[in-house]
Amino acid sequence: GSTSVDVVIPITDDAIDEPDETFTVDGTVTSGNTSNTDPSGTVTITDNDGAPTVTIGDQTVDEGAGTVTVPVSIDTVSATDVVIDIVTTTGTAGTSDYTETITTVTIP
């Protein structure tokens with residue numbers, strides 16, 4: 001007298017920010033009288049991880065150093081590339097103190 005049963009499929013929790021993902025559950029009717037012999041359903045997994053936060057690190061550098069390396073990072077792994085446009089902005093140091101820099105960095 002039943003009209004349904006439940007199929008339990010384990011879902012893996014990860015720590016990666018990612019878009020919603022889907023997979024298909026397919027069946028093949030091997031016995032019984034049905035109007036369709038190949039039913040199918042879709043499962044959508046919604047992400048439960050927050051989007052990453054970008055940090056550009058502070059640095060102190062001696063005037064004679066020649067260059068400074070500034071770290072750019074994210075706090076959460078992401079399934080999609082994080083692309084950041086980097087632009088230097090004059091503060092108390094003028095453009096005679098450093099070379100203006102415009103670049104794009106990608107954290108895969």
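The model is predicted: local features need pLDDT of at least 70, side-chain atom pairs count only at pLDDT 80 or more, and totals for chains, interfaces and linings use all residues. Residues are numbered from 1 along each chain as its sequence is written, and side-chain values use heavy atoms, with hydrogens and water left out.

**Overall form**

The chain has 6 strands and 0 helices. Its pattern along the sequence is β-β-β-β-β-β. Strands (E, at least two residues) and helices (H or I, at least four) are DSSP runs, numbered from the N terminus. The C-alpha trace spans about 85 × 20 × 20 Å along its principal axes. The radius of gyration is 26 Å, whereas a compact globule of 108 residues would have one near 13 Å. That radius is taken over C-alpha atoms, and the globule rule is 2.2 Å times the number of residues to the power 0.38.

Buried residues make up 8% of the 108 residues. Buried means under 20% relative accessible area, exposed means over 50%, and partly exposed lies in between (1.4 Å probe, protein chains only).

**Largest pocket**

The largest pocket has a volume of about 960 Å³. A pocket is an open set of points on a 1 Å grid over the protein atoms alone, where a 1.4 Å probe fits, with protein on both sides within 12 Å along at least five of seven lines; lining residues have an atom within 4 Å of a point. The volume is the space filled by probe spheres set on the points, which are joined across faces, edges and corners.

The lining has 28 residues, and V68, V70, T88, Y98 and T99 lie nearest the centre. Strand 5 (82-87) and strand 6 (102-107) each supply at least two lining residues. By class, the lining holds 11 nonpolar, 13 polar and 4 charged residues. Ala, Val, Leu, Ile, Met, Phe, Trp, Tyr, Cys and Pro count as nonpolar, Asp, Glu, Lys and Arg as charged, and the others, Gly among them, as polar.

**Two residues before strand 1**

I9 lies in the segment before strand 1 (21-26). D17 is also placed in the segment before strand 1.

| Residue | Relative accessible area | Class |
|---|---|---|
| I9 | 37% | partly exposed |
| D17 | 15% | buried |

Contact means heavy atoms within 4.5 Å. Leaving aside neighbours within four places in sequence, I9 is in contact with F23 and V25. D17 touches D47, D49, G50, A51, P52, T76, V77, S78 and A79, not counting residues up to four places away in sequence.
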